[in-house]
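I opened this model to look up its salt bridges and one of its pockets. Here are my notes, in the order I made them.

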Amino acid sequence: MEERSRYVKLTKDQTPHEDINPGELNQPIEVPQLAVPKCMECGQALPESYAPPADEPWMTGICGCAEDRDSCLTGLFCPCVLFGRNVESLYDDASWNAPCVCHAIFIEGGIALATATAIFNGMIDPGTSFLIVEGLFFTWWMCGIYTGQVRQTLQKNYHLENSPADPCCVHCFLHWCALCQEHREMKGRLSESISSETTLVNAPPIQEMKSSREKKSAESSSSSAANNSEHTSLEMRAL
């Protein structure tokens with residue numbers, strides 16, 4: 001008997017019209033269902049109707065320090081403490097101690113060193129004074145970048161616009177005003193979220209659970225009371 005071939009022979013009409021080059025079949029295929037926008041933070045697929053939120057304005061201006069007297073005084077005399085509080089409010093797992101100490105060393109320490117250099121300028125070599133001032137400018141710029149990143153994170157969380165300029169530039173030129181503005185913004189946002197989440201819930205009525213023994217005793221007591229009432233209703237008549 002003849003063995004049948006496992007291959008199908010194609011006729012001239014069934015052969016492909018275009019020649020296939022080696023490796024052409026291994027090209028990736030575009031699937032429209034997979035080409036969906038994804039979240040930059042978590043990577044989840046977003047719906048088609050999703051639109052990124054627009055940048056919102058700040059609740060207070062950069063020069064509105066007088067609107068909150070406590071944060072204004074703290075930022076003026078102890079900016080390191082105010083910066084630590086801002087970082088602690090912004091990040092859940094962060095403490096205010098480390099940012100406060102870093103701010104005190106680089107900002108307040110740099111200002112104190114610059115003041116001492118200006119006072120004792122005659123006793124220090126001019127070349128040494130120039131190097132100290134240059135180092136202070138570099139330290140101030142680095143601190144502006146660090147504090148600007150904190151402001152940028154705040155803007156990303158609440159979708160705030162760059163006002164009045166880039167976060168790093170704002171902290172380099174208006175550092176104290178920026179700290180007070182960030183504190184007022186987080187304080188106002190947190191108070192709004194707390195007020196929106198508070199709801200009145202009525203407590204359910206108190207329910208008592210009785211055991212089977214208590215139910216049986218209650219039924220027996222009710223039945224005995226009914227029997228007693230029947231016995232008491234009987235009258236004695238003479239024959």
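I am working with a predicted model, where local features need pLDDT of at least 70, side-chain atom pairs count only at pLDDT 80 or more, and totals for chains, interfaces and linings use all residues. Residues are numbered from 1 along each chain as its sequence is written, and side-chain values use heavy atoms, with hydrogens and water left out.

**Entry 1: salt bridges**

I took a salt bridge to be a side-chain nitrogen of Lys or Arg within 4 Å of a carboxyl oxygen of Asp or Glu. With that rule I get four salt bridges. For the elements I used DSSP runs numbered from the N terminus: helices are H or I with at least four residues, and strands are E with at least two.

I looked up R189 and E56, whose side chains form a salt bridge at 3.6 Å, N to O. This pair links distant parts of the chain, 133 residues apart: R189 sits in helix 6 (residues 175-197) and E56 in the segment before helix 1 (69-77). R189 is buried at 16% relative accessible area, while E56 is partly exposed at 36%.

Next I checked R189 against E185, and found a salt bridge of 2.9 Å, N to O. Both residues belong to helix 6, four residues apart, which is about one turn of the helix. Both E185 and R189 are buried. Through shared partners, the salt bridges join E56, E185 and R189 into one network.

**Entry 2: D68 and K187**

Here the closest N and O atoms of the salt bridge are 3.6 Å apart. D68 lies in the segment before helix 1 and K187 in helix 6, so this pair ties together parts that are 119 residues apart in sequence. I noted D68 as buried at 11% and K187 as partly exposed at 48%.

**Entry 3: the second largest pocket**

On a 1 Å grid over the protein atoms alone, a pocket is an open set of points where a 1.4 Å probe fits, with protein on both sides within 12 Å along at least five of seven lines; lining residues have an atom within 4 Å of a point. I read a volume of about 170 Å³ for the second largest pocket. Its lining includes F106, I107, F137 and W140. Helix 3 (97-119) and helix 4 (126-158) are the elements that give two or more residues to this lining.

How values were computed. Buried < 20%, exposed > 50% of the residue type's maximum accessible area, 1.4 Å probe, protein only. Points joined across faces, edges and corners; volume = space filled by probe spheres on them.
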